[in-house]
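Open the model in your viewer and keep a selection panel at hand. The stops below follow charged side-chain pairs.

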Protein chains: 2
Amino acid sequence: MHLLRQHIEKIVPLTDSEFDYVLSHFSTRKFRKHQFLVQEGDLVPQEFFVIKGCIKSYRMNEEGKDYILQFAMESWWISDFEAYNKHTPATLNIDCIEDSEVLCLSYENREKMCDEMHKMEHYFRKISHSGYIALQQRILSLLSSTAKERYDKLLSQYPTLFQRVPKSVIAAYLGVSRETLSRMV
Amino acid sequence: MHLLRQHIEKIVPLTDSEFDYVLSHFSTRKFRKHQFLVQEGDLVPQEFFVIKGCIKSYRMNEEGKDYILQFAMESWWISDFEAYNKHTPATLNIDCIEDSEVLCLSYENREKMCDEMHKMEHYFRKISHSGYIALQQRILSLLSSTAKERYDKLLSQYPTLFQRVPKSVIAAYLGVSRETLSRMV
């Protein structure tokens, strides 16, 4: 079954023709390792559903230091959601850790789909709410856990991430230096 | 206009009878300052829309130190959303900074409303997505900003919070000690 259909059907069943209609709102793009999906300052007309590969979003400060906001592997959504939603320039960079293939959904097409298909509005509500809860957990973790605890939690939640993402990038996600991370593992 | 109706109608218009129907899914409760809406270990059958007052959600560690996850003032939603959504025991405490009045919505009633009224599913999708974006900003801020920058940002976003919330609680939200906060302001 198509990866997107699997993801939607975890939440709401679709008929074949409904899924074909949903899929008609997306376009497919391939990116090579290190290529950018979004660069700071760009407008962000699309969000991305990962079919294959591994992608990261991050903010770079004035000294060139990266802060990783999010990873995305197969079946994850990624974008600069603030810029996408508010039609403002990106404050994040999004690039590929591996060669990647994504489905692209424009803001207009997402809203149109949600408007026309109650089922899709339900799907997007549920994934937004789950995402919200996951971010609350990450905030609590940043406030209250040690770097080692955050590392162990990430490893237990997403073991495959550690085979696909360089240690320096994991460190920038956890908010610790590469050296601190090396001492932990 | 009713505060809840104002909040919904920022996103989607409702007729009088639609709003009456929506409101019929809520119950009203009043709490005194320091009273708990949710205590760690409780089941969390409801989420809360604040009509009046000021409320906080937080996690307490084994040494009794608090980490503030969220504030809620008039027109904000609050709950232990993970426990509410997954029907698991609360890992947060939620209590009142001021005497408060809230509208309570059960999980079943929220899902029923979203199922019956596409408009309400749209409302909840939009507020979840906005909440998601705000939490991403807070994570970036925790990763990349100094405590002083986080303080200034919170002050500019929610100036009234500083008149209503004790400094020690603001410090626990920012992830700094009370003493560090005192040196900043």
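**Salt bridges, stop by stop**

The count comes to 30 salt bridges over all chains, where a salt bridge is a side-chain nitrogen of Lys or Arg within 4 Å of a carboxyl oxygen of Asp or Glu. This is a predicted model, in which local features need pLDDT of at least 70 and side-chain atom pairs count only at pLDDT 80 or more, while totals for chains, interfaces and linings use all residues. Residues are numbered from 1 along each chain as its sequence is written, chains are lettered from A in the order in which they are written, and side-chain values use heavy atoms, leaving out hydrogens and water.

Select Glu111(B) and Lys126(A): they form a salt bridge, with the closest N and O atoms 3.1 Å apart. Glu111(B) sits in helix 4 (residues 107-116) of chain B and Lys126(A) in helix 5 (residues 118-144) of chain A, so this pair joins two chains. Helices here are DSSP runs of H or I with at least four residues, and strands are runs of E with at least two, numbered from the N terminus. Both Glu111(B) and Lys126(A) are buried (under 20% relative accessible area; exposed is over 50%, partly exposed in between, with a 1.4 Å probe and protein chains only).

Next, select Arg110(B) and Glu47(B), whose side chains meet in a salt bridge at 3.5 Å, N to O. Arg110(B) is in helix 4 of chain B and Glu47(B) in strand 3 (residues 46-52), so the pair ties together parts 63 residues apart in sequence. Both Arg110(B) and Glu47(B) are buried.

Now select Glu47(A), Arg110(A), Glu111(A), Glu121(A), Arg125(B) and Lys126(B): salt bridges that share partners join them into one network.
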